[in-house]
Amino acid sequence: MKKLSIFLMLIICLNNTYSFAVDKPTELENKIFKNLRCLICQGQSVYDSQSDFAESMKIVVRKNLKSGMSEKDIYQFMRNNYGEWVLYDPEINKGTYLLWGLPFLFFLIGGAIILRKLGVLKR
Amino acid sequence: MIFNYIGNYSTIISLFLSLAIFLRSFLKLKNFDQLIKIDLKKLIFFQFFFIFVSFISLLILFLNSEFGNITVYNNSHTTKPLFYKVSGLWGNHEGSLLLWLLILTLTNFLYFSLSLSRTTKERLFTVIFQQIIIFGFIVFLIFTSNPFNEIFPIPKEGLGLNPILQDPILAIHPPILYLGYVSTSIIFSSSLSSLILGNVNSDWASHIKNWILCSWIFLTGGILLGSIWAYYELGWGGFWFWDPVENISLMPWISLTALLHCILVLEKRSSLASWSIILCISTFTLSVCGTFLVRSGILNSVHTFANDPERGLYILFFLFFIIFLSLVIYFFYEEKLSISNKSFGLITKESHILINNWFLMYFLSVILIGTIYPIFLEVISNQRISVGPPFFNKLIIPFLIPFLIFMSLGPNLGWIKSKKIEKKLTLIVFFIVNLFLSFFILKSIGDVKLFTLLLLTANLYLFFITIKDFLKKGYKNYSQIISHFGFSLLILSIILNAIFSKEIIANLKVGEELGFENNKITFQRIETSTGPNFEKIVGVFIIHDQKGESNKFMPEIRIYNKPEVITSEAFIKTSIFKDRFLVINPIKDKTYFNVRYQEKPLMIWIWISTLLIMLGGCIKFLKNEK
């Protein structure tokens, strides 16, 4: 009888731990979720959204990570499926050279003007 | 219905008054004073008065829920609480534009009454430029977005206001933000007028500084309110999303902040005149540009509530007109600017203000390019890209490190020439102490990355230097110290918040428990009740923490009746160390709820530090008045 009750308790405990077990997203997963746009929402990332679309995206990302894809592979995969629109962190390519480059260019030009004003660069 | 007519005609009258004021100022400038003998001040007052009447008429229409008016029909509902009937007025495009005009004419009147110390010519030119802007916006209101359009047959019930806008903070957010946006128009007009008259000098600088401070304070406040609202209402636990509309409000703010510093150099050293003028122009242009981008609906954002290509086109045209006008004036009268070719010394206050402007302009360019580049790319090559938080974080955060260091050093330097850097050694030793301090802080978390280390060091450096300055004896520039301290506190809170935030997301049903870092979250029961215009489901959660204390959390799901929308109201327990944030969302399978629990350290300090930044501005404003 005692053995049985212990056995039962154990089962209950186990069941409880099952309800405890939530598949907590890892840091990498969160990073990826934050970088994916939820396509049916207005300007929300998959991480922030609770829509069905976002939830299924999360499942896809997890599955792909488990199957051994790297972070980059996943972005590539998402881009092939949904286009570049889905990535919040635009990749550097022909279309985005200016996007990444212009701010630095402005910074350098500004720096040159200031150095001249400060008299470091003589005309 | 009578108020529909009153409102409509009042706006038309103020349109004509706009022409009258324009003509009157023009004649007075040309010394044809005897032709018309109407007092200009009265005209300006009446223009404000008629816009005010029109505003009040719309308000009465909203209060009486007269659905014969299409704006009221689209944005109100009889069961809505009184407070939101009022805020519903500016919770839509037409009404918010009327509010914009109300503030525009009010600031115009205030400027004219308060600028008696300036020359008549300067005031007249400013009024003329103001009238061009006011005229443009009244035409925009009447022809593309008239709030007084009628609808027939008169509907019995309105469509209601978007529930996420039914919130006390969001109700006052637009007026405050608009006060900031709109008063930049005075800065713009005044700068053009003094450019024409060739009196961009230190005298003008100390006059316009009050307007700059004033709009800077309101703009900061408006952005703060919007951010607080996004934090608790959107339910994601974040406070800044690099959403296009947020970016758009930040751009004039950065430009204005640069101007606020640059104008000091103009005031004290009579230098940087042309740069100040450019900043004055760009600040206002960015404000209008913001209106264009939001109203045209070309941005994909949570905030876009009205979009109509015709409106976008009009504002775009208006924007180009303003830019064109100011450029023409700038190049015509540029030679009147007293350009000093004197170079600044390296270790002076003015050189550090220049460096401040340099970095601020870089931040501005990152945000500007990041926000509008996707639009251009889509038009040119049909390629759709998203530019989100990772982009901005990558380009902005590294540059904060030198920015913070210059920010700590600059204020303690003197104008023109500093007596060497006093206590050079102390400053370096102080920096090294901070380096160690940040190292130990990060070490205790067990996550020392060089980049975070440097950022934290630079920030703590500013933090302690401002404290040291505050405690120092002798003359102190309180406004500067408080604002800079506020900024360092803001960055510190954001860094620590980002490092220490924890969260758990799970699907739970009633009776289930969830373990989280020694906390136990129990989903006890759900209750349902009825609000004024919504039904709500309240989830009752008990959270036991490691100290054995238990707290009750009651997040809500609201189902609004008109329009039928479901929103989640987060339950937030705030303390000085951390916010505990619980939000639930319904999921398809009705027995389960999506539960998101977050611990966000130092959240309240993000708001407090922004208030401190504003407080610094207020002190400066009050001191200048005397």
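Predicted model: local features only at pLDDT ≥ 70, side-chain atom pairs only at ≥ 80, totals over all residues.
In chain B, helix 5 (residues 93-114) packs against helix 7 (residues 168-197) at an angle of about 50 degrees, their axes lying 9 Å apart. Helices here are DSSP runs of H or I of at least four residues, numbered from the N terminus. Axes are lines fitted to C-alpha atoms over the stretch in contact, and angles run from 0 to 180 degrees between N-to-C directions. Helix 5 of chain B is therefore oblique to helix 7 of chain B, oblique being what remains after under 35 degrees (roughly parallel), over 145 (roughly antiparallel) and 65 to 115 (roughly perpendicular). The crossing of these two helices is right-handed, that is, the near helix is turned clockwise from the far one by less than a right angle. Among the residues making this contact are B:Trp100 and B:Tyr111 of helix 5 and B:Pro174 and B:Pro175 of helix 7, where contact requires C-beta atoms, placed from the backbone, within 7 Å. By class, the contact has eleven nonpolar, four polar and no charged residues. Nonpolar covers Ala, Val, Leu, Ile, Met, Phe, Trp, Tyr, Cys and Pro; charged covers Asp, Glu, Lys and Arg; the others, Gly among them, are polar.

Residues are numbered from 1 along each chain as its sequence is written, with chains lettered from A and ligands numbered from 1 in the order in which they are written.

Helix 7 of chain B also packs with helix 6 (residues 120-144) of chain B, at about 130 degrees and with axes 8 Å apart. That pair is likewise oblique, and its crossing is right-handed. B:Lys121 and B:Glu122 of helix 6 are among the contributors, as are B:Ser189 and B:Ser190 of helix 7. The classes are six nonpolar, seven polar and two charged residues.

I turn to the interface between the chains. How many residues of chain A are in contact with chain B? There are 30, and they meet 37 residues of chain B. Helix 5 of chain A gives the most to its side, with nine residues. That side divides into 13 nonpolar, eleven polar and six charged residues.

Finally, B:Ile355 lies in helix 12 (residues 349-381) of chain B. B:Ile355 is buried, because 20 other C-beta atoms lie within 10 Å; buried means 20 or more, exposed 12 or fewer, and partly exposed in between. Beyond its neighbours within four places in sequence, B:Ile355 is in contact with A:Ile114 and B:Phe406.

Note on methods
Contact = placed C-beta atoms within 7 Å.
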